[in-house]
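Biologist: Please take a close look at the aromatic residues and their surroundings. Which residues form one aromatic cluster?

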Amino acid sequence: MKDFGYDISNYTAIDPIFGTMDDFDSLIRGIHDRGMKLVMDFVPNHSSDEHEWFNKSVNQEDPYTDYYVWNDGVIDSNGTRHPPNNWVSEFRGSAWEWNEGRQQYYYHEFLKEQPDLNYRSEELRKEMENVLTFWLEKGVDGFRMDALMYLLEVEDVTLDEPVDPDSGTDDPDDPDSLVHIYTTNQPGTFQVLHSWRQLIDQYDEKMLMAEVYSDVNDVMRYYGNDTYPLADFPFNFFLIENLLNRTDVTGYALKDIVDLWMDNMPAGKWPNWVLGNHDNGRIASRLGEDLVDALNMFDLLLPGTPVTYYGEELGMENTFVSWEETVDPEGCRWGPEHYQEHSRDPERTPMQWDSTSMAGFTTFNSTWLPVNPNYLEVNAARQESAEVSHLKIYNALAKLRQEEVFVKGVIAFPVITKEIFSFTRSLAHGDMYLVVLNTAEEEVEINLHHHSNFPLPDTATVVLRSLHDDSPETEIGSELSLDDVAMVEGGGLVLQLP
Ligand code: GLC
């Protein structure tokens, strides 16, 4: 638990703090009984230093000797030993750690307690295939592959990574200071991924998602192509990476993000839109509570798979976590001055179920991270019983997206302005929906006819509207004139066209 589960000491066991393998088996049965699927997080880049493989590797017991990335380092003219290169850990500081037992350095892209596995070892590759097979035989429906772009490093580890002149930092311990040409997206990574794809495809309908934060060209390589299939999709993190604060959210910016994916995605592939996860701040805090419903409309009604995070359906917010309470190793490694820029604790606080103590997350009297003090206002039970709420809108969107028009319908963009982002989804001779979002921090009135680049009908029926919109014109079921649509700040409307 040095990185809360991303440091695995046994790939085919359940950590007792979460239960037993029997619990897991009943979980998967329960999920399947409800017509749902279970996708496992697979962490192939590194194990824990407490894994028995690591111990045996330290002791140079074959075949484990080469299971990790070991190197003697270099000795300078003063006789002092240094790591073989300047590579920096994603969690800051040198990515090399001296091991007394083996008298060599080992490479760790993340914490020193997370040594990188060596995919140049055939035995290791076989070992990881067995891990995938183990879970596939258990009946899991697919994998989210963690930190995939780091899987292999360049073979010649004497090579330094170039300093990034545009990084805006001269701190050599900051991973942003280097351009990661030797530690990310290496050719061998795609070969390993392809072999995993082939293994997984021996089973029916299994899904493979790749966690990759890179520029768009490198990200798209993880789709592969028809003759060389890889992931079903690499995560589309551009909503997170290109929208850093409220003022970044404009109609143009949302359109650019859609185009960035759709124009670069290989033909015949399936898109996805990531709104949040356990490594990034929550929407309501990053971009504003007013935008919660509009962005959920965007996420759930565009073509492709929406990827979201527990609590986003309620508009949960980041929780303030003091330095003393901070547990995220990334936050901790930046120290009391800078932990808030890097800690992932604020988005990892307990799910807010109801208004009872600890937000109904536990009957115990404390939690590993503090419950957000707003839980009396923001919780699932309250939103379920309210007449209108983020949760109710989210549920309606989840239902709506199952309609054929949202599964197969083509997309078009009638009106894109600085304030307004809009799209239609339509079937050749059938349904047509229009989704309109106001990204501005103020009310906007818009004549959709006037601005549209293709003909729209005179009126449309309101199917859904965002929480803060209580105008009589936009009541669910009413006919709205498209000549004069008044939208609340950060608001969203889902309209059905005749
Ligand atoms: C991924 C995970 C993150 C973890 C890291 C190392 O980025 O999402 O939570 O710390 O990989 O495994």
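Modeller: Trp273, Phe298, Phe413, Phe421 and Phe423 form one aromatic cluster. Rings of Phe, Tyr and Trp (its six-membered ring) pair if their centres lie within 6.5 Å; planes under 30 degrees apart are stacked, over 60 edge-to-face, and the rest tilted. The model is predicted: local features need pLDDT of at least 70, side-chain atom pairs count only at pLDDT 80 or more, and totals for chains, interfaces and linings use all residues. Residues are numbered from 1 along each chain as its sequence is written, and side-chain values use heavy atoms, with hydrogens and water left out.

The criterion is NZ of Lys or CZ of Arg within 6 Å of the ring centre and within 35 degrees of the ring normal. Arg92 likewise lies over the face of Trp334, at 4.3 Å from the ring centre.

The count of aromatic pairs is 32. Phe54 and Trp70 are stacked, because their ring centres are 5.7 Å apart and their planes at 15°. This pair links distant parts of the chain, 16 residues apart: Phe54 sits in helix 2 (residues 52–58), Trp70 in strand 2 (residues 70–71). Helices (H or I, at least four residues) and strands (E, at least two) are DSSP runs, numbered from the N terminus. Phe54 is buried at 5% relative accessibility. Trp70 is buried too, with a relative accessible area of 12%. Buried means under 20% relative accessible area, exposed over 50%, partly exposed in between (1.4 Å probe, protein chains only).

Tyr309 and Tyr310 make a tilted pair, 4.6 Å centre to centre with 55° between the planes. Tyr309 is buried at 12% relative accessibility, whereas Tyr310 is partly exposed at 31%.

Now the nonpolar cores. Such a core is a set of buried Ala, Val, Leu, Ile, Met, Phe, Trp, Tyr and Cys residues joined through side-chain atoms within 4.5 Å. The largest has 99 residues; Met128, Phe143, Met145 and Trp196 touch the most other members. Helix 9 (residues 292–301) gives the most to this core, with 7 residues. Another core lies apart from it, with 18 residues, including Val444, Ile446, Leu456 and Val485.

Beyond four places away in sequence, its contacts (heavy atoms within 4.5 Å) include Tyr11, Phe42, Trp53, Tyr119 and Trp196.
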